[in-house]
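Me: I have a structure open and would like to learn how to read its features. Could you walk me through some of them?

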Amino acid sequence: MFSPYYAASRRFGRGDPHNHCALNVALYGRSSKNWALTERTRADLRRDARSLQIGPSRLDWDGTTLTIQVNEVTVPFPSRIIGTIRVKPSALIGQVFDLDPNQRHHWHPVAPCARIEVDMEKPRLKWTGHAYFDCNFGDEPLEAAFVEWDWARAQVGNDTAVLYDTVPRHGPPLSLALRFDPRGGIESFAAPPLADLASTFWRIRRRARADDGHPNLIKTLEDTPFYARSLVAAKIGGEQTLGVHESLSLDRVAHPIVRAMLPFRMPRRRWRGAA
């Protein structure tokens, strides 16, 4: 949805999403980061009801486990990311939530409570832990409907709490505060107070929620001209949590200078193994 190539093709009436697909991989360490996001063409795409292949990487669902075979090249300095990731949901959620007043943009928390097994060959890494899987989809570009949004998820006991705050271009702000349990139950709760975090290097506004109104920014994982991903400590549901937080500026996404910068982080290449 942030592809500069897709945005350009839409302007000329050729916005075929199957011709603009990618697998994004980000590995964060104490002192290093591995990032891959290579856009592929329709010729590099294979999919059916249980599998999705994008270039040399693929995802397979067997009814209980999503297996992700990663084979990507990092940018801006080329190195390999190769390995296997297995995501095992404790339950699947069927409910979809609207994110805008016109009901043109939707969020599906497919598996908010899951386990993950990571076994990477390059770089050599291996761990297990909690996992989360969702998707967004809509009937128009995000920048047509939103000014900005903040999103966060955190582990609260055995449950997963998700906080969504969107600022539409038309209509009042929307907030979602939901708690998912491992059996697939969903409970809404009163959204905690919203507080400002420190803005990013690129001056992206970040806001997060906490029971006591004092979320704590622990680390910035991604700092781009339009998007930030962070680790935020906050008290949620009476428990101290460490969650993943994202802030997105849609005005920045649509800015021509930002569009021109994106190919440095998102190259577009044909896969040599494609038919």
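Reply: Happy to. Let's start with a charge over a ring: Arg10 lies over the face of Tyr6, at 5.2 Å from the ring centre. Keep in mind as we go that this is a predicted model.

Me: Which residue has its charged end over the ring of Trp35?

Reply: That is Arg265, whose charged end sits 4.3 Å from the centre of the Trp35 ring.

Me: How do I read a pair of aromatic rings?

Reply: Two values describe such a pair: the distance of the centres and the angle of the planes. In this structure, a search of the whole model finds 8 aromatic pairs. One of them joins Phe2 and Phe226, with 5.2 Å centre to centre and 55 degrees between the planes, a tilted arrangement. This pair links distant parts of the chain, 224 residues apart: Phe2 belongs to the segment before helix H1 (4–11), and Phe226 to the loop between strand E17 (216–223) and strand E18 (227–236).

Me: Are Phe2 and Phe226 buried or partly exposed?

Reply: Phe2 is partly exposed, with a relative accessible area of 21%. Phe226 counts as buried because its relative accessibility is 8%, and the cut-off for buried is under 20%.

Me: Why is the pair of Phe97 and Trp107 called tilted?

Reply: The ring centres of Phe97 and Trp107 are 5.4 Å apart and the planes stand at 35 degrees, so the pair is tilted. Phe97 is in strand E8 (residues 97–98) and Trp107 in strand E9 (residues 105–122), 10 residues apart. Phe97 counts as buried at 10% relative accessibility, and Trp107 is buried with a relative accessible area of 0%.

Me: Which residues form one aromatic cluster with Phe97 and Trp107?

Reply: Phe146, Trp149, Tyr164 and Phe180 are in that cluster with Phe97 and Trp107.

Me: Now strands, please. How do strands E1 and E2 run, and how many bridges join them?

Reply: Strand E1 (residues 24–28) and E2 run antiparallel, joined by 5 bridges. They form a hairpin with 4 residues between them, and Leu27 stands opposite Asn34 in E2. Strand E2 (residues 33–37) is largely enclosed by the rest of the structure, because 4 of its 5 residues are buried.

Methods. Residues numbered from 1 in each chain as written. Predicted model: local features only at pLDDT ≥ 70, side-chain atom pairs only at ≥ 80, totals over all residues. Heavy atoms only, no water. Buried < 20%, exposed > 50% of the residue type's maximum accessible area, 1.4 Å probe, protein only. Helix = DSSP H or I, 4+ residues; strand = E, 2+ residues; numbered from the N terminus. Pairing = 2+ DSSP bridges. Phe/Tyr/Trp six-rings, centres within 6.5 Å; stacked < 30°, edge-to-face > 60°. Lys NZ or Arg CZ within 6 Å of the ring centre and 35° of its normal.
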